[in-house]
Amino acid sequence: MKSVSALIAGVLFGLGLTLSGMSDPANVRGFLDVMGNWRPDLAFVMGGAVMITFIATPWVLKRPLPLFHSSFAVPTNVILDKRLITGAALFGIGWGLSGYCPGPALVSLTYGYDTTVVFCIAMIAGMALERLVSR
Amino acid sequence: MNHFTLPLIGGVILGVAAIWLLWALGRVAGISGILWGAGAGPERPWRWAFLFGLLGGGLISHQLLGVPVPLDQDISTGVIAMSGLLVGFGTRLGSGCTSGHGVCGLGRRSPRSLAAVVTFIACGVLTVLITQHLIGGLL
């Protein structure tokens with residue numbers, strides 16, 4: 001049931017990203033381009049998503065256990081540290097360069113464009129590099 | 001219509017997906033974390049199932065529901081590779097991306113996620129400002 005549940009979540013996520021237009025990096029760059037031809041789409045996507053999670057997360061976390069797992073694994077750290085901010089800043093720069101973040105980039109792999117393949121390989125390399133550097 | 005309705009509906013579906021994963025497995029639907037964990041982490045099977053579903057959901061949307069496939073991006077390979085490297089490195093260092101910190105973390109009222117979201121949007125805006133308007137034509 002764990003894998004079936006995750007598969008369902010993944011399918012919904014893929015539907016959401018593509019229906020909302022977020023698998024098109026032009027929409028994402030358009031949202032970040034506040035001095036140019038600004039596109040509000042990403043704000044509505046994030047608004048719709050957070051509206052649901054904001055209401056439902058406290059309710060879910062009040063359950064004694066998840067449906068199909070023996071524990072909740074949710075971050076409880078509340079300290080803002082240099083790692084978090086530096087990481088988010090580097091991610092933001094990379095995001096602004098192309099308009100791709102991890103979810104949309106992975107979904108776009110099915111389009112068969114070299115750009116997305118290069119992005120995903122570089123992204124995984126970046127993750128591996130972080131692991132090497134942070135050790 | 002397309003700048004409002006579909007983004008909002010898509011966003012709600014993303015929220016439902018994240019809540020479902022939290023309710024069913026007690027796990028955060030952060031794509032960067034799931035991707036890294038699928039290769040390096042414990043509990044690999046559900047992560048692979050999620051990623052498989054992610055691509056499948058995209059195919060359903062384009063092939064069955066007729067959502068238009070986005071055009072290829074006219075961005076040089078060097079810039080794309082640098083972008084991917086920064087996104088991969090940054091999301092691991094900062095413990096999350098748009099989904100983990102944005103969709104899930106904001107819903108959890110996490111101060112770390114709020115700080116991360118403000119930071120990556122600000123840096124994204126600055127980057128687009130610089131590359132599109134100040135030294136135009138880089139992308």
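Two residues are taken to be in contact if their C-beta atoms, placed from the backbone, lie within 7 Å. On that basis, the buried residues of α2(A) pack against α3, α4 and α5 of chain A together with α6 of chain B. The structure described here is a predicted model, with an ipTM of 0.97 and a pTM of 0.96. For chain B the average pLDDT is 95, and 96% of the residues score at least 70.

**The two chains**

Chain A contains six helices and zero strands, and its elements run α-α-α-α-α-α along the sequence. Chain B likewise comes to six helices and zero strands, and reading along its sequence gives the pattern α-α-α-α-α-α. Further values for each chain are set out below.

| Chain | Residues | Buried | Extent of C-alpha atoms along the principal axes | Share of contacts (at least 6 apart) joining residues at least 24 apart |
|---|---|---|---|---|
| Chain A | 135 residues | 53% | roughly 45 × 40 × 30 Å | 40% |
| Chain B | 139 residues | 60% | about 50 × 35 × 30 Å | 44% |

**The contact between chains A and B**

The contact draws 98 residues from chain A and 97 residues from chain B. On the side of chain A that touches chain B, two or more residues come from each of α1 (2-19), α2 (25-32), α3 (41-61), α4 (82-98), α5 (102-108) and α6 (114-134) of chain A. The element that gives the most to this side is α1(A), with 17 residues. Sorted by class, the side of chain A that touches chain B holds 61 nonpolar, 28 polar and nine charged residues.

**Helix α1 of chain A**

Helix α1(A) has 18 residues. From its first C-alpha to its last it reaches 26 Å, close to the 26 Å expected at 1.5 Å a residue. The helix is mostly covered, with 14 of its 18 residues buried. Just after α1(A) comes A:Gly21, which takes a positive phi of about 85 degrees.

Two packed helices are described by the angle between their axes and the distance between the axes. For α1(A) and helix α3 (residues 44-64) of chain B, the packing angle is about 35 degrees and the axes are 6 Å apart. The crossing of α1(A) and α3(B) is right-handed. By class, the contact of α1(A) with α3(B) has 19 nonpolar, 10 polar and one charged residues.

**Helix α2 of chain A**

Helix α2(A) is also mostly covered, since seven of its eight residues are buried. These buried residues are A:Pro25, A:Asn27, A:Val28, A:Arg29, A:Gly30, A:Phe31 and A:Leu32. As noted at the outset, the elements that the buried residues of α2(A) pack against include α6 of chain B as well as α3, α4 and α5 of chain A.

Helix α5 (residues 98-107) of chain B is largely enclosed by the rest of the structure, because nine of its 10 residues are buried. The buried residues of α5(B) are B:Thr98, B:Ser99, B:Gly100, B:His101, B:Gly102, B:Val103, B:Cys104, B:Gly105 and B:Gly107. The cover over these buried residues includes elements from both chains: α3 and α5 of chain A, together with α1 (5-25), α2 (31-40) and α6 (111-134) of chain B. After α5(B) comes B:Arg109, whose phi is positive, near 60 degrees.

Helix α6 of chain B, one of the elements covering the buried residues of α5(B), contains B:Val118. A residue counts as buried if 20 or more other C-beta atoms lie within 10 Å of its own, as exposed if 12 or fewer do, and as partly exposed in between. B:Val118 has 14 other C-beta atoms within 10 Å and is therefore partly exposed. B:Gly102, by contrast, is among the buried residues of α5(B). B:Val118 and B:Gly102 are 16 residues apart in sequence, and their C-alpha atoms are 9.6 Å apart in space.

Notes
Residues are numbered from 1 along each chain as its sequence is written. Chains are lettered from A and ligands numbered from 1 in the order in which they are written. This is a predicted model: local features need pLDDT of at least 70, side-chain atom pairs count only at pLDDT 80 or more; totals for chains, interfaces and linings use all residues. Helices (H or I, at least four residues) and strands (E, at least two) are DSSP runs, numbered from the N terminus. Ala, Val, Leu, Ile, Met, Phe, Trp, Tyr, Cys and Pro count as nonpolar, Asp, Glu, Lys and Arg as charged, and the others, Gly among them, as polar. pLDDT is the predictor's confidence in each residue, from 0 to 100. The expected span of a helix is 1.5 Å times one less than its number of residues. Axes are lines fitted to C-alpha atoms, for helices over the stretch in contact, and angles run from 0 to 180 degrees between N-to-C directions. A crossing is left-handed if the near helix is turned anticlockwise from the far one by less than a right angle, and right-handed if clockwise.
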